Amino acid sequence: MDEHLLDDLALNNGLRETDCRLKLLLGLGAILICVFSPSPVTPIIIGISMLLIIVGLANIPLRIMAGLLLIPVAFAATSCVVILILTGGGEPLYTLSVFGFSFTATTESANLSLLLLARTFGAMSALFFIALSTPMIQVFSVMNDLRLPREFIDLSMLIYRLIFIFIGEAIAIHNAQVMRHGYSGFRKSVHALSMLCGALFIKAWERGEEMLIAMDSRCYDGKFEKVADEHPVSLQSAAAVGSYLVGCSILSLLLSGVVLWP
Amino acid sequence: MHIMEGFLPSPWWQFWWLVSLPFLAFGLHQMKAIVRERREALPLLAVAGAFVFVLSSLKLPSVTGSCSHPTGTGLSAVLFGGFVTSVLALIVLLYQALLLAHGGITTMGANVFSMGIAGPLVAWALYRAGKQVNLNTFINVFIAAFAADLFTYVVTSFQLALAFPAAEGGIISSFAAFIAIFALTQVPLAVVEGVIVALTFKYIIDVRPDILVKLDVLTQNMVNRLKEAAV
């Protein structure tokens, strides 16, 4: 189970006090530049600079960061191999024959899979930047500013709160099951896991009923009042974010023709 | 597994966002009506959303040794209906992106469509149909959860195939290739998830069948029959 949510790190990160609209703008802007970039160079530059910001400014240990990034990049690498073989165009680069099937990588398919790998690296780093620098509480106030439906925001806040309670419950049940050899074989694992889900559902439901009583006794009238977590935008950081995004966009336009195999 | 951030090129990520939006709007509309009608529904929906999130972060026991996660949406679709599940899935995907860095923001439209709309709607329809013809409840739940899981991956393969058609054979052969790769791991996992969800149902019926009756998943008659059969 993923016991270490990124939110734990985000609550203590070095950029905690920075305005969250600015952080979201930086992260989302970088993601969009990566997705629209026609050349693999810009996403790689964005990815590296995002990692530097995460490690340098947000003070997230490099070891944790590298471990986190390994998972999506490994997934992306396998998908890129598929795309390398599937798509075509351009000159054939290399042909591999296995059991009578021949797989051919061409220049264009190689360019495409390299581009996708670079985009995933850049955009995932930017996503990690958002996840590691912006605690969810700050995201709610942005949702509020964006005039998203109130029910949706209330529901998101309640879910956010409950996730941590349920994960705690699930870990406790899981530990108890492990101590009784609940996962010592495949059949036992299936039974133990279903028992965990069933028990969790019932506990969750009872928790929901209790919460309703608690909310009723505090005069819940169908809406939550939110206290915005305001931090003034400093001109310096706004200028830094602006110039970073503009710089990356210009770079992306300049480098649009750069590919590994022309 | 969700499509990662940055993996879907334009115009496909915008396209899947546009496809998902009407479903999400309808789900939200339905949810608003439920909350307005019955005030107590909001905390219970929240519980459901958090449950789906925690369920989707559990590791499934797997035959092949690779570990994977259940989608959790099949159970939610059976319990709460297809459209409400899509709103819950949107919130769950947002949290998976922001708390676990699974999936992504631009690819969320595509992921919501596969995991939150296509899979749950199929599961919901199958469960309703099974209930009509008086299929055994556990078999019915198994089929619904199995189909939700499998259909999610069929749609994901289709999304990838549309974005990356093969040089020879175009979209169809690309779809076949993606689905063949997913099938290796996903068919056994879908079976495991189906069995687990069906057994989960059994535990809930044993302990708190009143919840299922209240949610209109089972009728009191069905619960009585199941309890008699178990004795």
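B:Phe51 touches A:Phe166, A:Leu200, A:Phe201 and A:Ala204, leaving aside residues up to four places away in sequence. The model in which this contact is seen is a predicted one.

B:Phe51 is also among the residues with the most contacts inside the largest nonpolar core, a set of 154 residues in which A:Leu127, B:Ala50 and B:Ala123 are the others named for the most contacts. The largest share of this core, 16 residues, is supplied by helix 5 of chain A, which covers residues 107-133. At least three residues of this core come from each of domain 1 and domain 2 of chain A. In soluble globular proteins, nonpolar side chains tend to be buried together.

**Contact between the chains**

In the contact between the two chains, 67 residues of chain A meet 55 residues of chain B. On the side of chain A that touches chain B, the elements giving two or more residues are helix 1 (6-11), helix 2 (20-36), helix 4 (62-86), helix 5, helix 6 (136-145), helix 7 (150-179) and helix 8 (186-217) of chain A. Helix 8 of chain A gives the most to this side, with 20 residues. Sorted by class, the side of chain A that touches chain B has 48 nonpolar, 13 polar and six charged residues.

**Organisation of chain A**

Chain A is divided into domain 1, made up of 6-134 + 233-254, and domain 2, which spans 141-217. The centres of domain 1 of chain A and domain 2 of chain A, taken over C-alpha atoms, are separated by 32 Å.

Helix 3 of chain A, residues 41-56, packs with helix 9 of chain A, residues 235-254, at an angle of about 155°, and their axes are 9 Å apart. Because angles over 145 degrees count as roughly antiparallel, helix 3 of chain A and helix 9 of chain A are described as roughly antiparallel to each other. Their contact is made by A:Thr42, A:Ile45 and A:Ile46 of helix 3 of chain A together with A:Cys248, A:Leu251 and A:Ser252 of helix 9 of chain A. By class, this contact of helix 3 of chain A with helix 9 of chain A has four nonpolar, two polar and no charged residues.

A:Glu210 is placed in helix 8 of chain A. With 11 other C-beta atoms within 10 Å, A:Glu210 is exposed. The C-alpha atoms of A:Glu210 and A:Leu146 are separated by 31 Å, and these two residues are 64 residues apart along the chain.

**Backbone geometry**

Most residues other than glycine have a negative phi, and most peptide bonds are trans.

| Residue | Phi | Place |

B:Asp216, with 10 other C-beta atoms within 10 Å, is exposed.

The peptide bond that runs from B:Ser10 to B:Pro11 is cis, and its omega is near 0°. B:Pro11 lies in the segment that comes before helix 1 (12-37) of chain B.

Methods
Residues numbered from 1 in each chain as written. Chains lettered and ligands numbered in written order. Predicted model: local features only at pLDDT ≥ 70, side-chain atom pairs only at ≥ 80, totals over all residues. Core = buried A, V, L, I, M, F, W, Y, C linked by C-beta atoms within 7 Å. Buried ≥ 20, exposed ≤ 12 C-beta atoms within 10 Å, placed from the backbone. Helix = DSSP H or I, 4+ residues; strand = E, 2+ residues; numbered from the N terminus. Domains from an automatic or database assignment. Contact = placed C-beta atoms within 7 Å. Nonpolar A, V, L, I, M, F, W, Y, C, P; charged D, E, K, R; others polar. Axes fitted to C-alpha atoms, helices over the stretch in contact; angles between N-to-C directions. Parallel < 35°, antiparallel > 145°, perpendicular 65-115°, else oblique.
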